Amino acid sequence: MIISSNLGVKLVVPTAECKLSQNSPLVNYALKGLERCWLPEHRRWSHIYHLDGRSSPNESVPNSDVFYTLNVLLGMSRVAEIPSGIDVPEIFRRNVLLLTRLPVRKYAFGMALWTAAELGLPIPESVKCELRAILGDESGWRSFRAQDLGMLLTGIVAQARLGDNEWVRYARPLYLFLKERFHSESGLFFDAPFAFRRRFSSFAAQTYLSIACYQYGEFAGDASALVMADTCVRNLIALQGPQGEWPWFFDAQSGRVIDFYEVYSVHQYGMAPALLEWAERFGRRGSRDALVKGFNWVFGHNQLGRAMLVPELNLTLRSQVRKGESTTKAPRVLRALKNAWLGNGERLIDGADVEVRLECRSYELGWILWSFGRRIDLQELTHNYAFGGA
């Protein structure tokens, strides 16, 4: 498809067909949004699509682009009809090879394992060599953050389900490391295995480690992993905000919210639904209601009373953030330290002091594809009129 930018420049992008009959309106919305995030010269999706009116909205950060692209391709594995202009195997190979050439985090290799397994694609030998080095150096695991460990374990289990047993010998040691060093008595997960910083843990940390525990527990028949995941989900549901907000920052040691902000759209429509899909499968009470309530936040059931969608571009607004904190993390860090030290719990603030972050990231749309590409039971979300549904 050829589209014209607001500068009159014609760009060739992978195109979604006018009607992809097997896809829900929500999935097609995300696919069309991804067209705008496409970087044709690099054959990948961008780090940020800015929504502040600048003339060149796509911002590329190569190591982030590559990880986000793998995340998008993971989502593509659940899409019934992929637009004809997207050559999934070629895009995967081109980008996965860059993992050994760019300064990426360890979790990018976990995403490569997971994505390759879901798509049934081979992992290049150079990437396998790097993975062997990462997984074989148990002393190096001490530097893992929650996202590193969660994605590596999830990717290993996904490969094992596919029938590739090269990595399966690492699954149990990684799980035992998770159980010993990342699981808190509060029921939440720490962000790191050691040091004071570990107790300050994000919603993303809870999501990735819980999914890993569900995956491993089901695969290995290990009830302790399923119990840990279920306990975390139960606690997260109890901490969900009054309008479905998923808090961003926790004190994992005490199990308290220490900062609700930023409230990220991707958690509401993508990552929480990915986790709650597992929770529903294992019978966690309230998980479906929490999913729907969280998604409705995106439709405008939030403290700003505004939809977090940009329908003319098929994109989403990244987050709701405290005013004055969109370009600095310092106040959030100080607030988290103060709340942890004083034992305070955190609540939502007045909406007058909240603003919207005007950007969209491609991986966010990828999580929509993953979480809703195969769901046919939530038509109030997937076929909502906001996405062109009935």
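**Helix α12 and its surroundings**

Good morning. The buried residues of helix α12 are R332, R335, A336, N339 and A340, where buried means under 20% relative accessible area, exposed over 50% and partly exposed in between, with a 1.4 Å probe and protein chains only. Seen down the axis of α12, these residues fall within an arc of 125 degrees, so they line one face of the helix; the arc is that of the directions from the helix axis to the C-beta atoms.

The model is predicted, so local features need pLDDT of at least 70, side-chain atom pairs count only at pLDDT 80 or more, and totals for chains, interfaces and linings use all residues. Residues are numbered from 1 along each chain as its sequence is written, and side-chain values use heavy atoms, leaving out hydrogens and water.

Helices (H or I, at least four residues) and strands (E, at least two) are DSSP runs, numbered from the N terminus. An α-helix has 3.6 residues a turn, so residues three or four places apart point the same way.

What do the buried residues of α12 pack against? They pack against β7 (200-202), β8 (249-251), β9 (256-259), β10 (263-264) and β13 (319-322), contact meaning heavy atoms within 4.5 Å. On the other side of α12, L334, W341 and L342 are exposed. Just after the helix, G343 takes a positive phi of about 75 degrees.

Let us turn to strand β13, which holds R322. This arginine is buried, with a relative accessible area of 10%. Among the residues R322 touches, not counting those up to four places away in sequence, are R335, D259 and E355.

Thank you.
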